[in-house]
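Have the viewer open as you read.

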Amino acid sequence: MSDQLPEAAHQENVEEAVSRLEGEQFKPSRIRVHHLRKMMKAHEPITMITAYDAVIARLVDNAGVEMILVGDSIGNTLLGYSSTVPVTMEIMETATAAVMRGTNRAFIVADLPFGSYEESPQQAVHNALRLVRAGADAVKLEGGAHFAPTVEAITNAGINVVAHIGYTPQSDAALGGPRVQGRNERDEDRLAQDALALEKAGAVAIVLELVPAAVAQRITEISHIPTIGIGAGPHTNGQVLVWTDMAGMSDWVPRFVRRFGEVGKALTDATSAYRDAVRNREFPSQEHSF
Ligand code: KIV
């Protein structure tokens, strides 16, 4: 009998040894892909949240999330657009660099915006490199098996790719709006095949947006990479929310969002208090003057 470990067990041993070494000696400050895989294997939920600037990134990094998504949702959450479509590479580079400067622990995923990867794998690699230079640990792109060659090309360039299937906001017009995807058997099978094809192409994680909980569970069970859900129920390996929704910065939030704070109201209240203090000549007082 051979005394060699089977390949999978060997790989597991190597990963274990590397992370022990890192933990004990190198104390890596950033979360890496193997940490996320380890959490997945240990059934520890992974938390991801969006951030688009250094200030918010620092606050959410301090809260201990494992992943920060510099989402192209910056378009509709911060920049006043009605969709993610107008978001450019330049906007994403600026936001990614700011998030990187504001953090020292979370794994940073930056979205490849609409029009930056669809034309060819070469275009995708070119723009993925730009986001990595700006500070991303991985890039995310929307789309199914059709984009497997693109995921493979970016992966071969040495860049981590996070896939995104289900409702994909960049294709909102083609999908007929934000609708739950994978409701019938055929669509569910297609989503499962998409997930497997993207994993095979090298994706390190996959975002599942607006899919029934049972479909997300099925994909999570057949995947060997972490699944991160948004509007996808409780059975994924992790969850992602848009920070402005999560913190109560908007008047309306989708049904799948829970508001964990009322930061918007706190900001309006603080601004009203400031305005009143200025009007009443209570601010600046002696203590704020030189
Ligand atoms: O841009 C974004 O915020 C996203 C999430 C909805 C997953 O892609």
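## Around the ligand

Let's start with aspartate 72: one of its polar side-chain atoms sits 3.0 Å from an oxygen atom of the ligand. Keep in mind that this is a predicted model. On its own the ligand would expose 260 Å², and the protein buries 96% of that.

For aspartate 111, the distance to an oxygen atom of the ligand is 3.1 Å, and for lysine 140 it is 2.8 Å.

## Lysine 140

Where does lysine 140 lie? You'll find it in strand β4, which covers residues 138-142. Lysine 140 has a relative accessible area of 2%, so it counts as buried.

Its side chain also makes a polar contact with the side chain of aspartate 111, at 2.8 Å. Aspartate 111, then, has a polar contact with lysine 140 as well as an N or O side-chain atom 3.1 Å from a ligand oxygen. Beyond four places in sequence, lysine 140 is in contact with Leu69, Val109, Ala110, Asp111, Leu112, Val162, Ala163, His164 and Val207.

## Glutamate 209

Which residue does UniProt list for "active site"? The unreviewed entry gives Glu209. In the model, glutamate 209 is in strand β6 (residues 205-209), and its relative accessibility is 11%, so it counts as buried.

Glutamate 209 and histidine 164 make a polar contact through their side chains, at 2.9 Å. Setting aside neighbours within four places in sequence, the contacts of glutamate 209 are His164, Ile165, Gly166, Tyr167, Pro169 and Ile230.

With a relative accessible area of 9%, it is buried. Valine 207 is 23 residues away in sequence, yet the two C-alpha atoms are 7.5 Å apart in space. Not counting residues up to four places away, isoleucine 230 touches Val207, Leu208, Glu209, Leu210, Val240, Leu241 and Phe256.

Strand β7 (residues 227-230) pairs with β8 in the parallel sense over two bridges, and isoleucine 228 has glycine 238 as its bridge partner there. Strand β8 (residues 238-241) also pairs with strand β1 (residues 46-50), again parallel, over four bridges. On that side, methionine 48 is bridged to valine 240.

Leucine 210 has phi near 50 degrees and is placed in the loop between β6 and α10 (213-222). Histidine 43 has phi of about 55 degrees, and its loop runs between α2 (33-41) and β1. Buried or exposed, then, for leucine 210? Leucine 210 is buried, with a relative accessible area of 10%, whereas histidine 43 is exposed at 70%.

Finally, there's a cis peptide bond from phenylalanine 283 to proline 284, with omega near -5 degrees. Proline 284 is in the segment after α12 (263-279).

How values were computed. Residues are numbered from 1 along each chain as its sequence is written. This is a predicted model: local features need pLDDT of at least 70, side-chain atom pairs count only at pLDDT 80 or more; totals for chains, interfaces and linings use all residues. Side-chain values use heavy atoms; hydrogens and water are left out. UniProt positions are given in the numbering used here, feature names are shortened, and annotations may be inferred rather than shown by experiment. Buried means under 20% relative accessible area, exposed over 50%, partly exposed in between (1.4 Å probe, protein chains only). Contact means heavy atoms within 4.5 Å. A polar contact is a pair of N or O atoms within 3.5 Å; within protein, one must be able to donate a hydrogen and the other to accept it, and residues adjacent in sequence count only if both atoms are side-chain atoms. Accessible areas come from the Shrake-Rupley method with a 1.4 Å probe; for residues, only the protein chains shown count as cover. Two strands pair if DSSP finds at least two bridges between them.
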